[in-house]
Amino acid sequence: MSAQTNAETWSTIPGLIRDAVERHAEREAVVDGRTRISYAELGERVERAAAACMASGVEPGDRVAVWAPNTLDWIVSALGAVSAGAVLVPLNTRFKGAEAADILARSRARLLFVTGTFLGTSYVASLRRAQEAGAQLPHLDEVVVLADSAPDVPGYRTWKEFLAAGEKVTAEEVRERESTVTAASPSDIIFTSGTTGRPKGAVITHEQTLRGYEIWAELAGLREGDRYLIVNPFFHTFGYKAGVVACLMRGATMIPQPVFNVDTVLANIAAERISVLPGPPTLHQSLLDHPARDAHDLSALRVVVTGAAVVPLQLVERLRGELHVATVLTAYGLTEASGIVSMCRRGDDPETIAATSGRAIPGTEVRVDAPSGEPGEVLVRGFNVMREYFEDPAATREVITEDGWLHTGDVGVLDPGGNLRITDRIKDMFIVGGFNAYPAEIEQLLGVHPDVADVAVIGMPDARLGEVGKAYVIRRRGTVLTADDLIAWARREMANYKVPRAVEFVTELPRNASGKVLKRELRA
């Protein structure tokens with residue numbers, strides 16, 4: 001089936017779900033712990049969730065948020081909301097209550113699906129604390145707790161109670177609602193922080209999602225019957241779209257893993273005969289270096305797609321040589337471009353795969369704002385460029401030119417073959433274990449501390465996480481703030497990946513004539 005034929009068959013995500021259920025009804029769709037369901041059962045669950053969303057008053061175009069780890073419940077609630085015509089707003093599981101509340105308020109989410117307790121944290125309690133501290137969520141009508149119990153307060157109920165309320169909505173009514181969704185309808189808004197530290201929501205349509213990830217599935221060689229371990233978080237474009245959506249397109253089995261743990265990854269690959277394992281280079285490196293690797297049967301592993309960081313040539317060669325992975329590819333994307341910009345092709349040599357992020361995907365253009373072979377800002381144009389930043393026309397105009405070029409804020413070089421190599425980040429972003437960390441946002445958060453007069457944050461190399469934050473801090477006069485004090489405070493106030501791992505106290509920060517901090521001097 002060609003990409004063009006698929007695009008005609010699946011003009012929307014609800015259409016894709018129904019097509020997948022019809023074509024792969026008896027095939028295993030999701031394995032989540034001891035729960036195993038077929039595509040037919042997945043279709044039934046998604047339809048029930050869509051009916052419950054409609055019973056809760058969700059209308060086409062309403063925003064529905066999901067704040068939960070990679071689980072079957074995330075898949076069902078998210079796809080149910082989208083089938084009811086809603087626009088999905090995934091929330092980062094590392095967020096604290098105030099950070100989640102900010103996105104819920106800005107997106108005016110009507111409904112929130114939230115996990116119970118995850119990694120020892122009650123997300124419900126975290127959100128309620130944020131509300132008690134003054135977070136205003138006037139548009140949030142209902143919170144559905146993906147657990148057996150919910151707080152005995154108005155607006156909160158359990159997943160079971162939520163589904164029961166949807167029983168009065170018929171299958172015909174759900175199908176009728178699905179038909180109101182068009183290819184041009186927004187499918188999701190994924191919020192990403194910019195250099196200002198204020199999160200901005202990239203609006204992506206059904207058509208952009210389906211076209212982009214049909215291409216991804218084709219280039220990666222994803223096939224019917226593949227067994228895909230989804231370690232990349234669902235709240236991230238790569239986890240949701242290169243994971244859930246791509247599996248629906250091909251009839252692959254999804255095995256969601258809520259937390260990255262190399263022992264669990266090894267056990268899953270062996271027990272579930274995993275054939276597809278995308279993820280950051282750190283994931284694959286830790287797999288290769290694990291002392292108990294040889295005790296696990298990894299022979300089913302066939303496809304690895306990585307990116308988001310420098311990929312050592314040795315990693316590509318070891319995956320091919322030691323694990324006999326037939327397809328190892330690198331790719332580059334950003335939320336504002338539907339998560340996919342360029343990708344290597346099967347058959348590329350190991351040097352190209354390791355040193356570059358491949359060529360522009362079909363239907364798009366990539367150029368570098370510099371003379372040939374020189375580094376410059378990467379610009380992207382094509383179907384994959386977001387429609388806009390949600391309700392932020394000024395920010396949209398800043399990054400998308402009148403003739404459709406998206407300024408990525410990344411610095412790269414194009415080789416004569418059109419392969420893109422990312423060399424730096426204009427935005428100073430660094431990546432902590434696969435999570436994007438934005439210095440300006442972290443600086444804003446640290447600046448709230450009463451003993452901090454000024455602060456600058458940079459990324460520094462870390463053997464385990466790739467990069468971590470380091471803060472250069474000027475204390476307020478007369479205070480005795482210590483590095484341990486500030487780090488402990490930061491752990492209470494922000495997601496763990498944002499917390500600086502090192503703090504250095506300075507008397508001044510290096511600045512240029514216009515007053516901007518010279519971060520290159522801090523890095524040096």
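Are W216 and F238 buried or exposed? Both W216 and F238 are buried (buried means under 20% relative accessible area, exposed over 50%, partly exposed in between, with a 1.4 Å probe and protein chains only).

1. Ground rules. This is a predicted model, where local features need pLDDT of at least 70 and side-chain atom pairs count only at pLDDT 80 or more, while totals for chains, interfaces and linings use all residues. Numbering starts from 1 along each chain as its sequence is written, and side-chain values use heavy atoms, with hydrogens and water left out.

2. Helices α9 and α10. Start with helix α9 (residues 206-220) and helix α10 (residues 237-250), which pack at about 75° with their axes 9 Å apart. That makes α9 roughly perpendicular to α10. Here helices (H or I, at least four residues) and strands (E, at least two) are DSSP runs, numbered from the N terminus. Axes are lines fitted to C-alpha atoms, for helices over the stretch in contact, and angles run from 0 to 180 degrees between N-to-C directions. Angles under 35 degrees count as roughly parallel, over 145 as roughly antiparallel, 65 to 115 as roughly perpendicular and the rest as oblique.

3. Who touches whom. On the α9 side the contact residues include L210, Y213 and W216, and on the α10 side they include F238, V245 and M249 (contact means heavy atoms within 4.5 Å). Sorted by class, the contact of α9 with α10 has 9 nonpolar, 2 polar and 4 charged residues. For these classes, Ala, Val, Leu, Ile, Met, Phe, Trp, Tyr, Cys and Pro count as nonpolar, Asp, Glu, Lys and Arg as charged, and the others, Gly among them, as polar.

4. Aromatic pairs. There are 10 aromatic pairs in the structure. Rings of Phe, Tyr and Trp (its six-membered ring) pair if their centres lie within 6.5 Å; planes under 30 degrees apart count as stacked, over 60 as edge-to-face and the rest as tilted. W216 and F238 make an edge-to-face pair, 6.1 Å centre to centre with 80° between the planes. This pair joins helix α9 to helix α10, with W216 and F238 22 residues apart.

5. A stacked pair. The rings of F235 and F435 are stacked, because their centres are 5.9 Å apart and their planes are at 20°. F235 sits in the loop between β12 (227-230) and α10, and F435 in strand β24 (residues 435-437), 200 residues apart. F235 is buried at 9% relative accessible area, and F435 also counts as buried, at 13%.

6. Charges over rings. The charged end of K200 sits over the ring of Y389, 5.4 Å from its centre, and that of R475 sits over the ring of F505, 3.7 Å from its centre. The test is NZ of Lys or CZ of Arg within 6 Å of the ring centre and within 35 degrees of the ring normal.

7. Back to α9, from another side. The axes of helix α2 (residues 13-23) and α9 come within 9 Å and cross at roughly 45°. α2 and α9 are therefore oblique to each other. I13, P14 and L16 in α2 meet H206, T209 and L210 in α9, a contact with 4 nonpolar, 2 polar and no charged residues.

8. T12. Have a look at T12 too, in the loop between α1 (3-9) and α2. T12 counts as buried at 6% relative accessibility. Leaving aside neighbours within four places in sequence, T12 is in contact with V181, T182, A183, H206 and L210.
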